[in-house]
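Subject: Structure for you to look at

Hello,

Here is the structure I promised to pass on. Please open it first, then read my notes below.

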Amino acid sequence: PAVSGVTAFFLFDVGEAINLDQVRRVIQTTSPSRLASRSAMPAYVQYQQPPLAVGGDSVGIEGVAGFRLRFKIFDYGVVSVALSRSLPDDWPELIEAGLQVQEDAALPAAAEARCRAFASQIASAITTPRDAYLTEDYFVFTVTSSAGEPAEPLIEAHGDDIARLLRVERDTLSRQERDEVLRHRLSYLAHDVVVPTWNAAFVYDTEAGAASAIEILEFANSQLLEFRYYDELLNTQLGDIYRQLQTPAWF
């Protein structure tokens, strides 16, 4: 039987760096997180510095209503807040529930509040903590099956629904837009497929395969958040340089 779920990632740049050894000392329940091994993934795809993962309940921080809470701490100053819950297996109900999750305006604020509560617990491990957090969010919808059923029939039968879900659109999309969403899908084996978009992704795979895809997507968004931080930093520095060059000087 297929099992459906959603993981909403809210990533925050909380500081210049995070000392993971210090985090281990502060929170004894954390453990190294590695990309799960699977036949579709080369063995060399690993973190250079494995992040640490800890459940919200392990540090006394409650999850958001209906969502399980998990933190992941990256050494380059990013904390990822993952909110996960199951979804209905019936496709119309799955799509409706998925749209509601993405439309829930309270989730980002709830995630940031929990990130700040967690950051206060590991404050001694954070170098140059930020007052204002730069953020990135991403939604991953999964349908997993242990039966190894092929992915292409699922795309043919529910491609319209998947496209609407990833575009956060309740009305029927045009054929052109549907095809635009689905043409970016990736498969390695006959029974897996990932449909990525800028803000969300749909994953169909075994439970282990879906877990690997989710972790890769989370890592990619943490890197995107860092790129955005350095882009803003560079723009600020260039602005200061230009102002200095334009200031009249007496020789």
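Packing comes up several times below, so one cut-off first: contact means heavy atoms within 4.5 Å. Bear in mind that this is a predicted model.

Helix 2 has 13 residues. From first C-alpha to last it reaches 18 Å, close to the 18 Å expected at 1.5 Å a residue.

Now the overall layout. The protein has six helices and eight strands. From the N terminus on, the order is β-α-β-β-β-β-α-α-β-α-α-β-β-α. There are 251 residues, and 45% of them count as buried. Take the contacts between residues at least 6 apart in sequence: 71% of these join residues at least 24 apart.

Helix 3 (residues 106-121) is next. It has 16 residues and reaches 23 Å from its first C-alpha to its last. That is close to the 22 Å expected at 1.5 Å a residue. Buried in helix 3 are Leu107, Ala110, Ala111, Arg114, Cys115, Phe118 and Ala119. The partners of these buried residues are strand 1, strand 3 (52-55), strand 4, strand 5, helix 2 (91-103) and strand 6.

Then the largest pocket. Its volume is about 520 Å³. It is lined by 23 residues, and the closest to its centre are Thr7, Arg68, Ser84, Thr142 and Ile214. Which elements each supply at least two residues of the lining? They are strand 1 (3-18), strand 4 (68-73), strand 5 (78-87), strand 6 (126-144) and helix 6 (207-246). By type, the lining divides into nine nonpolar, seven polar and seven charged residues.

Ser222 sits in helix 6. Is Ser222 buried or exposed? It is buried, because its relative accessible area is 0% and the cut-off for buried is under 20%. Leaving aside neighbours within four places in sequence, Ser222 is in contact with Leu11, Phe74, Tyr76 and Val78.

His191 lies in the loop between helix 5 (175-182) and strand 7 (193-196). Its relative accessibility is 23%, so His191 counts as partly exposed; that class runs between the 20% and 50% limits. Not counting residues up to four places away in sequence, His191 touches Gly148, Glu149, Pro150, Ala151, Tyr204, Asp205 and Thr206. Leu154 is 37 residues from His191 in sequence. In space, C-alpha to C-alpha, the two are 9.8 Å apart.

Gln22 belongs to helix 1 (residues 20-26). Its side chain makes a polar contact of 2.9 Å with the side chain of Arg25. Setting aside residues up to four places away in sequence, Gln22 touches Ser124 and Ala125.

After that, turn to the largest pocket, where strand 1 and helix 6 are among the contributors to the lining.

Best wishes

Technical notes:
Residues are numbered from 1 along each chain as its sequence is written. This is a predicted model: local features need pLDDT of at least 70, side-chain atom pairs count only at pLDDT 80 or more; totals for chains, interfaces and linings use all residues. Side-chain values use heavy atoms; hydrogens and water are left out. On a 1 Å grid over the protein atoms alone, a cavity is a set of points where a 1.4 Å probe fits but cannot get out, and a pocket is an open set with protein on both sides within 12 Å along at least five of seven lines; lining residues have an atom within 4 Å of a point. Grid points are joined across faces, edges and corners, and a volume is the space filled by probe spheres set on the points. Helices (H or I, at least four residues) and strands (E, at least two) are DSSP runs, numbered from the N terminus. Ala, Val, Leu, Ile, Met, Phe, Trp, Tyr, Cys and Pro count as nonpolar, Asp, Glu, Lys and Arg as charged, and the others, Gly among them, as polar. A polar contact is a pair of N or O atoms within 3.5 Å; within protein, one must be able to donate a hydrogen and the other to accept it, and residues adjacent in sequence count only if both atoms are side-chain atoms. The expected span of a helix is 1.5 Å times one less than its number of residues. Buried means under 20% relative accessible area, exposed over 50%, partly exposed in between (1.4 Å probe, protein chains only).
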